[in-house]
Amino acid sequence: MFKHRLNGSFKLILITFLVALIIRALLIQPYHVTSSSMEPTLLEGDKILVSKLIYRFTKPQRMDIVVFKYPLNKEVDYVKRIIGLPGEIIEIRSGIVYIDGSVLEENYIIIQPEDDFGPVVIPGNRFFVLGDNRKDSLDSRYWGTVSRDNLLGKVVLLFWPHERLRYFRAGEKK
């Protein structure tokens with residue numbers, strides 16, 4: 001009897017483990033934020049959930065916060081905000097982002113840097129990403145655009161610390 005229960009428990013644990021592996025590989029994955037480049041939206045030490053499936057059905061949108069393979073080292077994952085989409089012209093003048101000549105409203109920026117960049121045309125199937133903390137972010141201004149193939153997924157939930165629990169909707173600016 002005891003051997004039968006143990007065998008059943010082992011099967012349940014094994015099935016649970018396999019389902020968790022499949023979910024992590026295909027659907028959703030937790031990440032740990034390791035820098036201050038996305039402050040105030042994401043803080044160093046925050047834990048987030050990333051939907052790995054979303055971009056199989058929808059196109060990445062401006063303002064999506066994404067996790068991607070760092071273009072200069074595919075072993076490293078970065079988290080940034082999509083600012084520019086394929087075919088658009090990006091320019092930064094005195095810290096203000098312009099897309100196709102129009103100012104991008106960014107109410108999540110706390111300290112507006114005074115830097116300049118571009119103008120550049122974003123190539124097809126690529127995205128211009130920036131950190132929300134522009135003074136402390138290595139992003140597309142320094143190493144170029146991110147290929148869609150390098151996008152690992154979209155941040156959908158900040159789950160730790162629990163007092164900062166937050167769901168991120170598509171195209172959300174905050």
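Trainee: Which residue in β10 is the bridge partner of Phe127?

Mentor: Happy to start there, noting that this is a predicted model, where local features need pLDDT of at least 70, side-chain atom pairs count only at pLDDT 80 or more, and totals for chains, interfaces and linings use all residues. Residues are numbered from 1 along each chain as its sequence is written, and side-chain values use heavy atoms, without hydrogens or water. Strands here are DSSP runs of E with at least two residues, and helices are runs of H or I with at least four, numbered from the N terminus. Strand β10 covers residues 146–147 and is joined to β9 by 2 bridges, antiparallel; the partner of Phe127 in β10 is Val146.

Trainee: And which residue of β9 is the bridge partner of Arg81?

Mentor: Two strands pair if DSSP finds at least two bridges between them. Strand β4 (residues 77–84) runs antiparallel to β9, with 3 bridges. In β9, Arg81 has as its bridge partner Leu130.

Trainee: How many residues of β9 are buried?

Mentor: Buried means under 20% relative accessible area, with exposed over 50% and partly exposed in between (1.4 Å probe, protein chains only). Strand β9 spans residues 126–130 and is mostly covered. The buried count is 4 of its 5 residues.

Trainee: Good, and what pattern does the chain follow along the sequence?

Mentor: Let's begin with the elements: the chain has 2 helices and 12 strands. Read along the sequence, their order is α-β-β-β-β-β-β-β-β-β-α-β-β-β.
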